[in-house]
Amino acid sequence: MTDIKAALRSQRIETPSWAYGNSGTRFKVFAQQGVPRDPYEKLADAAQVHAYTGIAPTVALHIPWDKVDDYADLARHAGEAGVRIGAINSNVFQDDDYKLGSVTHPDARVRRKATDHLLECVDIMDATGSDTLKLWFSDGINYPGQDDIRSRQDRLAESLAEVYDRLGEGQRFLLEYKLFEPAFYATDVPDWGTAYAHCVKLGPKAQVVVDTGHHAPGTNIEFIVAFLLREGKLGGFDFNSRFYADDDLMVGAADPFQLFRIMYEVIRGGGFTDEVAFMLDQCHNIEPKIPGQIRSVMNVQEATAKALLVDRDALSAAQREGDVLGANAVLMDAYNTDVRPLLAELREEQGLAPDPMAAYAKSGYFEKIAAERVGGQQAGWGA
Ligand code: PSV
Ligand code: MN
Ligand code: MN
């Protein structure tokens, strides 16, 4: 149990700045009270999540949603609030120029503009001390024949190589894949295999990020996790839940058992280190945002605790003996354990309230921001 607690104490989960802004679907963005008016206030809200969970010390930025004049100043502000800047997420999907793609666009001028944005994101990493660039491309085509699939791969490889060469010491990029949306016929980075192949060619500073909402229904995500870890190419996660497509609901809400299976493979594969970033990529369209993030962090923590509880010796003995039911029972025993008392105890040992949701609700922070902030910012979608 001491080992499990030590492991849980070392866990870090990164929250995304965009989770604190107003969001919705393409049908409607709902405004909530007390929502941040700028990136500084988003960091202040993220600091609340860290204050009550103790394991969310970094915040991902999305550029240009979090554009400021002075990034070093933003990083200083983060530090004063008790958090740090995490991954810098690039955005080459919200500009009319990108209608036919960004780094894969048939026009070299648009490709240049997109790659320049990615390079600017590395400048922001330098200014903020961030070590991770996250790349997601909305690139793809809607109709067969619209553009040449193979040439688009060549253009993608060329841009990635330029960005890779710009990375400094201790910096890396994570390449994110997504099956479809906004392109509906062929996406240029649709799956882990495509992302993996580009990353292998580039070298050790390029790794794959697994967004749990970006697969076809029924995909065995933990298999992908096991495979990428074995190859040293799992850079991190964008955690969220999905019932249908890329729903971006709270992680652990749709399928906590899947989250447990993923965390088990992370631990089994030696990925429970700083190498693998546990990031949230969610939005809270109808629920309050700070509690939504606290709940999400707790969901990941609970799945991690259960995965750590798996009796690995008993499991491998059963596996060696071909004891199908016994092996499955070892895994299920861990999954079915109520780890909430253990986590409450762990928090109290760290000087935190045992129930972060209740402690935040009692703190008065929401009432304060609801009174102070008028005209909160939209997270980015449809902006
Ligand atoms: C795309 O669906 C994605 O998952 C990428 O990570 C984007 O940067 C992010 O959503 C924005 O939430
Ligand atoms: Mn994502
Ligand atoms: Mn997504």
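**Loops and their surroundings**

Mentor: Pro64 sits in the loop that runs between strand S4 (58-62) and helix H3 (71-81). Keep in mind that this is a predicted model. The bond between Ile63 and Pro64 is a cis peptide bond, with omega about 15°.

A cis peptide bond also joins Glu181 and Pro182, and there omega is about 10°. Pro182 belongs to the loop between strand S8 (172-176) and strand S9 (186-187). Glu181 is in the loop between S8 and S9 too. Glu181 has a further feature: its phi is near 80°, which is a positive value in a residue other than glycine. Is Glu181 buried or exposed? Glu181 has 12 C-beta neighbours inside 10 Å, and a residue with 12 or fewer is classed as exposed, so Glu181 counts as exposed.

Now take Asp248, in the loop between strand S11 (234-239) and helix H8 (256-268). Phi of Asp248 is near 55°, again a positive value in a residue other than glycine. Asp248 has 24 C-beta neighbours inside 10 Å and therefore counts as buried. The cut-off for buried is 20 or more.

Next, the surroundings. The UniProt record, an unreviewed entry, carries the annotation "domain: Xylose isomerase-like TIM barrel" for residues 47-242. Over residues 47-242 the chain is 40% helix and 19% strand.

The largest nonpolar core has 96 residues, and the members that touch the most others are Leu175, Val208 and Val225. Helix H9 (residues 289-309) gives this core its largest share, 9 residues. As for Val225, leaving out residues up to four places away in sequence, Val225 touches Val210, Leu234, Ile262, Glu265 and Val266.

H9 also packs with another helix. The axes of helix H1 (residues 2-10) and H9 come within 10 Å and cross at roughly 150°. Because of that angle, H1 is roughly antiparallel to H9. The crossing of the two, H1 and H9, is right-handed. On the H1 side the residues in contact are Ile4, Ala7 and Leu8; on the H9 side they are Gln301, Thr304, Ala305, Leu308 and Leu309.

The positive phi values belong to Glu181, which is exposed, and to Asp248, which is buried.

Conventions: Residues numbered from 1 in each chain as written. Chains lettered and ligands numbered in written order. Predicted model: local features only at pLDDT ≥ 70, side-chain atom pairs only at ≥ 80, totals over all residues. Core = buried A, V, L, I, M, F, W, Y, C linked by C-beta atoms within 7 Å. Helix = DSSP H or I, 4+ residues; strand = E, 2+ residues; numbered from the N terminus. Contact = placed C-beta atoms within 7 Å. UniProt positions renumbered as here; feature names shortened; annotations may be inferred. Axes fitted to C-alpha atoms, helices over the stretch in contact; angles between N-to-C directions. Parallel < 35°, antiparallel > 145°, perpendicular 65-115°, else oblique. Left-handed = near helix turned anticlockwise from the far one by under 90°.
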